[in-house]
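This briefing goes through a few features of one protein chain. Please look at the sequence and the structure before reading on.

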Amino acid sequence: VACVLLRTALAATAVWADTAPELAAMGAARRAWPRRLCGSVRSLCSASLPPHKVVPMPRLAPTMTTGKVHQWNIGIGDAISPYDLVFQVSITGPELLGNDATEKQADAVVVMEIECIEDGFLAKILAPVGADAGPDQPIAVICEDPDDVAAFANYVPSIKKVPSGQFLWQAYLVSGLEATSCSNS
């Protein structure tokens, strides 16, 4: 059986979207496959702050040690709806592919666009454009009510890493690697 894939979608930590047809039917099919669906929906809240979720740096590969915030597509106070393209992350070929990177791939800078599957409002950007962060480190905060955004102006995360399953996202390749054909014959 022939397939077309991006090496970026093969990360062992990825959970392939079992609900891909349903997501596509709901309007998520703005980008070509492959997609990765990671995490689940749960809140990470401090008792002294309004309900919120801490957005982690996406773990784009098991070999990834750091990613760079390449671009924010929204600003503080902006509404976030499911399937919004919220930010971009850049990583190097070796970070993404590990020892499997070819010489050409080792020189590549891969940019992935991150689609949020959460509702809310961007309350705080913890990692501005150009900032490096390790996988699962907090990079932003989303709150439920636009009136609560101001409460996060001086927010400092109390956690170093966002626990698995706290934030739902998908990633799309923007640039850096090409799709390759493969077969399992």
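The notes below cover a sheet, one of its strands, a loop residue and a pair of aromatic rings.

The model is predicted, so local features need pLDDT of at least 70 and side-chain atom pairs count only at pLDDT 80 or more, while totals for chains, interfaces and linings use all residues. Residues are numbered from 1 along each chain as its sequence is written, and side-chain values use heavy atoms, with hydrogens and water left out.

**The sheet**

- Strands here are DSSP runs of E with at least two residues, numbered from the N terminus.
- Strands of a sheet pair through backbone hydrogen bonds, either parallel or antiparallel; two strands count as paired if DSSP finds at least two bridges between them.
- Four strands make up an open sheet in the order 3-10-8-5, and the pairing is antiparallel.
- Strand 3 and strand 5 (79-80) are the edge strands, since each pairs on one side only.

**Strand 10**

- Strand 10 covers residues 138-143, and six of its six residues are buried (buried means under 20% relative accessible area, exposed over 50%, partly exposed in between, with a 1.4 Å probe and protein chains only).
- Five bridges join strand 10 to strand 3 (residues 52-56) in the antiparallel sense, and P56 stands opposite P138 of strand 10.
- With strand 8 (residues 120-125), strand 10 pairs in the antiparallel sense over four bridges, and K124 stands opposite V141 of strand 10.

- G134 lies in the loop between strand 9 (132-133) and strand 10.
- G134 has a relative accessible area of 11%, so this residue counts as buried.
- Leaving out residues up to four places away in sequence, G134 touches M57, T65 and T66 (contact means heavy atoms within 4.5 Å).
- G134 and K161 are 27 residues apart along the chain, and 8.7 Å separates their C-alpha atoms.

**Aromatic rings**

- Rings of Phe, Tyr and Trp (its six-membered ring) pair if their centres lie within 6.5 Å; planes under 30 degrees apart count as stacked, over 60 as edge-to-face and the rest as tilted.
- By this rule there are two aromatic pairs.
- One of them is the tilted pair of W72 and F87, with 4.9 Å centre to centre and 40° between the planes.
- This pair links distant parts of the chain, 15 residues apart: W72 is in strand 4 (residues 67-72) and F87 is in strand 6 (residues 84-92).
- W72 counts as buried because its relative accessibility is 13%, and F87 is buried at 2% relative accessible area.
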